[in-house]
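Hello,

Here is the structure I promised to hand over. Please open it first, then read my notes below with the model beside you.

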Amino acid sequence: MINKPRGTEDILPSDSPLWRKIEQTAHSVCAEFGFKEIRTPVFEDTSLFQRGVGDTTDVVQKEMYTFEDKGGRSITLRPEGTASLVRSFIENSLYANPQPTKLYYLISCYRYEKPQSGRLREFHQFGIECFGGTSDAADAEIITLALTFFKRLGVKDLKLNLNSIGCPVCKKAYNEKLKAYFEKYRDKLCETCLTRLDKNPMRIIDCKSEICSEIAKDAPRMIDNLCDDCKAHFENTKKYLDALDIEYTVNPNIVRGLDYYTRTVFEITSDALGAQSTVCGGGRYNGLVEELGGKPTEGIGFAAGLERLVMIMKAQGLCDTEDLRPDIFIAAIGDAADLTAQKLVYDLRSMGYKAERDLCGRSVKAQMKYANKLNSAFSLVLGDDEIKNNSAELKNMSDGESVSVALSADEISSHIR
Ligand code: ATP
Ligand code: MG
């Protein structure tokens, strides 16, 4: 027997209503906030992610599903959504519309990681991006959208962690300071962090190894080294959040996994998740559109991991979703009854009812047992007599009461409404 690849999951019918509820909530909250859905390819040119996500990130260094296609092109399964959206924004001249461009996506992502709880090789994200939003209000708007989405789903006890990682100007001076600090621990840092030390020392703060994170605790903090513009931007962002009574913790250790962030970065975490506690991460990436060949355009967005969200919702008992039980089960004995059952089921379905019949050649007793298993609200049994009299007993399966009905979808539906 062939099993699913390591790090992938089947979303089974028992879970798909919860997934649909999450997706529908994403669609409706985005509509309220004026974000439009975009769908981009599952695979892209490898260089898009090398440039868009950044050479020094874990994603590009270790996690990408990259292969050569039959035409000799280097192709990568998308590890995230932002780079693809920036490409599409530039390629389709979306910047020519009145700005900002507000987009959202619901996608599968692929990263070659060590599979564990909340960490898969194929996973799903709900994300949004706002291009060309220059006002400081955009940062708060994005964060509010994320929180509204979780709130609408009934998710409780989330923590919003906020930080600013500055702009290329103040980041450069800060990186020098940081480098000097970590140089002292050169012989203790993990191998990955040694390469980060030269290329992107800020990423060491994000290292999950115990020794590196211990060393990073006393490192200089970006938040204390912001230039005046970045400081003002951060204060403004907090002001907008305060005005909406949104609680947050300023957490100087959040630097985010991807290279392209500037200024605001944030993470939303839940204690229900264990080690992989971040359900949503985002921030500003003012340099990315230009980096990928567009005109300088401010960008800001977030991505939420849906598998982790499902885990939180299950832990918090938030699984009551749409009712999928049939409205009616029509059992039949004999050829004539069988055909009438088929027609009635079809007519009721076209009227919007969930109508079921047997498809396994069961005896009438077994059909009723099956109707019970399906938890059908009503049942109707058709035999030769019922067909001859054009009438049958419609039974309410929860209280056992029944009424006589003519064999027409109109009449049956008037009783099961
Ligand atoms: P982490 O630090 O957990 O590796 P990340 O910084 O790599 O996260 P992002 O690239 O910001 O994550 O992705 C946004 C969200 O997508 C994460 O907060 C998380 O909820 C989810 N996510 C990321 N990688 C995975 C994965 N391998 N499996 C499941 N969900 C993931
Ligand atoms: Mg990661």
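**Two packed helices**

The crossing of α1 and α5 is right-handed. Keep in mind that this is a predicted model.

For α1 (residues 16–33) and α5 (residues 137–152), the angle is about 140° and the axes lie 10 Å apart. That angle makes α1 oblique to α5.

Which residues make the contact between α1 and α5? From α1 come Ile22, Thr25, Ala26, Val29, Cys30, Glu32 and Phe33. From α5 come Glu141, Thr144, Leu145, Thr148, Phe149 and Arg152. By type, the residues of this contact split into 7 nonpolar, 3 polar and 3 charged.

**A buried helix**

Next, find helix α4 (residues 82–91). Of its 10 residues, 9 are buried, so α4 is largely enclosed by the rest of the structure. The buried residues are Thr82, Ala83, Ser84, Leu85, Val86, Arg87, Ser88, Phe89 and Ile90. Note that the charged Arg87 is on that list of buried residues.

What do the buried residues of α4 pack against? Their partners are the strands β2 (43–45), β5 (101–110) and β6 (122–131), along with the helices α2 (46–52) and α10 (288–291). Just after α4 comes Ser93, with a positive phi of about 50°.

**A five-stranded sheet**

Now move towards the higher residue numbers. Here 5 strands form an open sheet, in the order β13-β12-β14-β15-β16. The pairing is mixed. At the edges stand β13 (355–357) and β16 (402–406). Each has a single partner strand, so one side of each has no neighbour in the sheet. From one strand to the next, the twist averages 25°.

A helix also packs on this sheet. Helix α13 (residues 364–373) touches β12 (328–332), β13 and β14. The direction of α13 makes about 170° with that of β12.

Follow the strand pairs next. Strands pair through backbone hydrogen bonds, either parallel or antiparallel. β14 (residues 378–382) and β15 (residues 391–396) are antiparallel, with 3 bridges. Leu380 stands opposite Leu394 in β15.

β15 and β16 also run antiparallel, joined by 5 bridges. On this side, Leu394 stands opposite Val403 in β16. β15 and β16 form a hairpin, with 5 residues between them. In the turn, Gly400 has a positive phi of about 80°.

Best wishes

Definitions and conventions
Residues are numbered from 1 along each chain as its sequence is written. Chains are lettered from A and ligands numbered from 1 in the order in which they are written. This is a predicted model: local features need pLDDT of at least 70, side-chain atom pairs count only at pLDDT 80 or more; totals for chains, interfaces and linings use all residues. Side-chain values use heavy atoms; hydrogens and water are left out. Axes are lines fitted to C-alpha atoms, for helices over the stretch in contact, and angles run from 0 to 180 degrees between N-to-C directions. Helices (H or I, at least four residues) and strands (E, at least two) are DSSP runs, numbered from the N terminus. Angles under 35 degrees count as roughly parallel, over 145 as roughly antiparallel, 65 to 115 as roughly perpendicular and the rest as oblique. A crossing is left-handed if the near helix is turned anticlockwise from the far one by less than a right angle, and right-handed if clockwise. Contact means heavy atoms within 4.5 Å. Two strands pair if DSSP finds at least two bridges between them. Buried means under 20% relative accessible area, exposed over 50%, partly exposed in between (1.4 Å probe, protein chains only).
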